[in-house]
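Let's take a walk through this protein together, starting with an open space and the parts around it. Have the sequence and the 3D view ready.

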Amino acid sequence: MVPTPLPDLDGLDAQALKALVMAKHSESLQQHQQLTSHAQEIEHLKLVIEKYRRMIFGRKSEKLSRELEQLEFRLEELETAQAAEQAAQEKAEAAQPHAVAPETKRRPRRKPLPEDLPREVVTHLPEHNCCPDCGGQLRQFGEDVSEQLERIPATYKVIRHVRPKFACAACERVVEAPAPSRPIERGLAGPALLAHVLVSKYGDHLPLYRQSEIYAREGVDLDRSTLAGWVGAASELVAPLVEQIRRHVLAAAKIHADDTPVPVLAPGNGKTKTGRLWTYVRDDRPAGLETAPAVWFAYSEDRRGEHPRQHLKNFKGALQADAYSGFHHLYGEGAIYEVACWAHTRRKFHDIHVVHASSTTTEALARIGALYGIEEQIREKPPDLRRLIRQQRAKPLLDDLRGWMEKMLRSLSAKSDTAAAIRYALSHWRALTRYVDDGLLEIDNSAAERALRAVAIGRKNYLFMGADSGGQRAAAFYSLIGTAKLNGLDPAFYLRAVLERIADHPINRIEQLLPWNVTAALTTNTKAA
């Protein structure tokens, strides 16, 4: 709302001035009410968006992805409108310093700017070096400091490698330094640029044609086919490293597993088919162990159970997963035993509760929530202590929960959704309760679900993968980027460090380039310096 300009106040009588003040006050109140309404809607949208973000993974998430995108657009517009209205109101109040304005909503406190960013100090001195009132000498007694964040546009440089040639005066032998290695043989891309392309595509989900447009705006002509060639060559380069991640993950005593669909262009007919990305996560930090976490992705052209059988043929231990039937044949062979997911079970009751809340769904959610309350208190505690506390506190709750579910099942219609949710829990009861007997296990499969969120978010930014080989490349870089994040590394920094070294690195020591070893090496070098 644009405030109306003030008339000539000198020409108004007392009654007209009173009417003007009342009109301005009413206008200000209306602006305040509009800001309050927008603020309430913004807070509501933030809650809904956060809920959707927790749900964006795995099957049936495409509709949620689209709804989340629309909500984020709506939130962006509301926050922009709110800022514009606040600015207009402040401008109007500044023009009327004696007017009484209603209290406006306090702006959220801004986070301080990172200390590691470079600071450029600009000192603003008064126009006069003496007092503008009496002409006296000025002395400084303090200063006001404020900060403003600015962006420096991306810069590029060309590194020209010059190797002077020398000839022996006695025998005419030519002596020249060897050519420095490059991440891609005879390629133009340096390690930092190549890492940026890879993280933009697989970490920030920016397709190569969009990257090409961005580079063009910045004055560098890199067409999509050139970028695609770099990505393909880089995937071959890092393949041994991805294999090391796979071995590390499958050497665990417990892993988390899940899968999600990805659209893939079918050859020949121009249509898309549905491929799968499987994720396997090793993360024992919640049990207080210091073993490095890692995630390994694998691609398959369909969801047949033979794929996880092949992926896990050498694995022995606990498999934390949902109740996908493709995993079931693994549990009967003795080497792998099932640990089910309470989050998956809880979601069944929650979905019913959102649509049609009842005393049964309310109590089910409360009882499951009590189990999670115990887990929150023992996170990152040693496995033996976790097992002891679970036996003392969670096991009695689980026994009561089972009895209550069996009682409720007898009183519910067999065709009701709530009865189906209870039957699901009871039919997987042994796998759902196995975690109380082993402190290394988790109550749910959230580790795998978190790993798949990056894939689900990426589906918003591309229509399909170009071929099965594209799915395999995506799996490789999702593995590297995901594992870097789990170990607290910036993926672009990590990939740059790898690409600087991997071409000359001995293949029998490739494990030195795993994220946790890169972190350790950088820490050692920093201390030595």
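## The second largest pocket

Helix α3 gives the most to the lining of the second largest pocket, with five residues. Helices here are DSSP runs of H or I with at least four residues, and strands are E runs of at least two, numbered from the N terminus. Two or more lining residues come from each of α3 (191-202), α4 (208-217) and α15 (491-501). In total 33 residues line this pocket, and K157, L188, A189, G190 and L193 lie nearest its centre. Its volume is about 1000 Å³, counted as the space filled by probe spheres set on grid points that are joined across faces, edges and corners.

What counts as a pocket? On a 1 Å grid over the protein atoms alone, it's an open set of points where a 1.4 Å probe fits, with protein on both sides within 12 Å along at least five of seven lines; lining residues have an atom within 4 Å of a point. By class, this lining has 19 nonpolar, eight polar and six charged residues. Ala, Val, Leu, Ile, Met, Phe, Trp, Tyr, Cys and Pro count as nonpolar, Asp, Glu, Lys and Arg as charged, and the others, Gly among them, as polar.

## A word about the model

You're looking at a predicted model, where local features need pLDDT of at least 70 and side-chain atom pairs count only at pLDDT 80 or more, while totals for chains, interfaces and linings use all residues. Residues are numbered from 1 along each chain as its sequence is written, and side-chain values use heavy atoms, with hydrogens and water left out.

## The largest pocket

The largest pocket holds about 1200 Å³ of space. Of its 26 lining residues, E120, V121, V122, V145 and S146 lie nearest the centre. Sort that lining by class and you get eleven nonpolar, eight polar and seven charged residues.

## Where α3 meets α5

Back to α3: how do the axes of α3 and α5 cross? They come within 10 Å and cross at roughly 95°, with axes fitted to C-alpha atoms over the stretch in contact and angles running from 0 to 180 degrees between N-to-C directions. The two helices are therefore roughly perpendicular to each other, a label for angles of 65 to 115 degrees.

On the α3 side, L193, L194, V197, L198, K201 and Y202 make the contact, and α5 brings L227, W230, V231 and A234. Contact means heavy atoms within 4.5 Å. By class, the contact has nine nonpolar, no polar and one charged residues.

## The sheet

Five strands form an open, mixed sheet in the order β5-β4-β3-β6-β7; strands pair if DSSP finds at least two bridges between them. β5 (294-300) and β7 (336-339) each have a single partner strand, so one side of each is left without a neighbour in the sheet.

Conventions. Angles under 35 degrees count as roughly parallel, over 145 as roughly antiparallel, 65 to 115 as roughly perpendicular and the rest as oblique.
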